[in-house]
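User: Please examine this structure and answer some questions about residue contacts and helix packing.

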Amino acid sequence: MAAPRETPERRPFGRRFLTDPARLFQHNAWDNVEWSEEQEASARSKVQENSSQLLPQDKQEEYEVNAKRYWDDFYKIHENGFFKDRHWLFTEFPELAPNRNPKHNGDSVPGYGNKGESNTGGLGSCENGHCSLETRAENQLNLPKGTPEICTEEGAAQKDTELSQSGGDYPGSSASYRILEVGCGAGNTVFPILQTNNDPGLFVYCCDFSTTAVDLVQNNAEYDTSRCYAFFHDLCNDQSPFPMPDESLDVVILIFVLSAILPEKMQGVVTRLSHLLKPGGMILLRDYGRYDLAQLRFKKGQCLSDNFYVRGDGTRVYFFTQDELDDLFTTAGLEKIQNLVDRRLQVNRGKQMMMYRVWIQCKYCRPAAPWP
């Protein structure tokens, strides 16, 4: 059966707004912005300049070896600074709440501030390419007081090995609709899903490379073990077990996650995740696109390899093209449902500053027919 036709869901504004300064700063953001040839050439030139000097190989290896520590440090520093609402989540990915309650049709999710992507204050701090996730600033989480339960890498791996060996009895084994978010961070996607999706058969798994991030999720007041299971997982270690068996998931979510992985390991990660999908299951991705603002703001000496950089805090980021992502997913045996570039102009009216963001959004489905 042929995959459904790709249907961009965008809200384009007339291009005349982009050439009228008086009207430009009346709005916070424009979707589906078209770039001129001159603008793309300028972006290409900036990337050539900031990637002309690569980090020495020994430094690159150091960032790979210490990747977990850098992400743990990031979440320790920013655990109380997650304020940006992913209000686009269910508009762009309705698969996350197919039985969505009509009272949640607005952009905001109860308990999460409706600051939205129009809040561009944080974007001005993306100096030297130092932006992670959307803007390295996400939802404010309500963390309970008291001593948190500590997630250790060794304990989590042992527990998930036991779960994966226990046959049909695993977290969420009785659920009828299972979602896994990979790279869950502090829970800025998981908790809106739990709050918005009213399907009694829903079960959400979430994992992260950072044990600090997993701790934040497990100790959030909204964490409900009857509907959710958070665990440590190293995507790049193919011996690291998942708590659920292959062919058990309806949806796998990758939001600003694949870009943090060493490029040569991406294919193995996507292929392994594809085996977790049921026939007809889907991977949903949103990530950095080529020539995004964050890429253009990197300086010389921060480039690891083509379109792959290290930020000032030691975390890394890759900037994709549509074709690269299509190759990763189709090589894993998945079929394209959607592969879109979201070029967006965001305006900081206070600073009279324009910021061009480039994101890629994908949906790839496992064929309903059995794999050979």
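User: Which residues does aspartate 208 touch, not counting residues up to four places away in sequence?

Analyst: The model is predicted. Contact here means heavy atoms within 4.5 Å. By that criterion, and leaving out residues up to four places away in sequence, aspartate 208 touches Tyr75, Gly183, Cys184, Gly185, Ala213, Val214, Phe231, Phe232 and His233.

User: Is aspartate 208 buried or exposed?

Analyst: Aspartate 208 is found in strand β3, which covers residues 202–208. Its relative accessible area is 7%. Buried means under 20%, so aspartate 208 is classed as buried.

User: Are the axes of α4 and α8 parallel or oblique?

Analyst: Helix α4 (residues 67–78) and helix α8 (residues 211–218) pack with their axes 7 Å apart, at an angle of about 40°. Angles under 35 degrees count as roughly parallel, and 65 to 115 as roughly perpendicular. The angle between these helices therefore makes α4 and α8 oblique.

User: How many residues of the contact of α4 with α8 are charged?

Analyst: From α4, the contact involves Lys68, Asp72, Tyr75 and Lys76, which meet Thr211, Thr212, Ala213 and Leu216 of α8. These residues divide into 3 nonpolar, 2 polar and, as the number of charged ones, 3.

Technical notes
Residues are numbered from 1 along each chain as its sequence is written. This is a predicted model: local features need pLDDT of at least 70, side-chain atom pairs count only at pLDDT 80 or more; totals for chains, interfaces and linings use all residues. Side-chain values use heavy atoms; hydrogens and water are left out. Axes are lines fitted to C-alpha atoms, for helices over the stretch in contact, and angles run from 0 to 180 degrees between N-to-C directions. Helices (H or I, at least four residues) and strands (E, at least two) are DSSP runs, numbered from the N terminus. Angles under 35 degrees count as roughly parallel, over 145 as roughly antiparallel, 65 to 115 as roughly perpendicular and the rest as oblique. Ala, Val, Leu, Ile, Met, Phe, Trp, Tyr, Cys and Pro count as nonpolar, Asp, Glu, Lys and Arg as charged, and the others, Gly among them, as polar. Buried means under 20% relative accessible area, exposed over 50%, partly exposed in between (1.4 Å probe, protein chains only).
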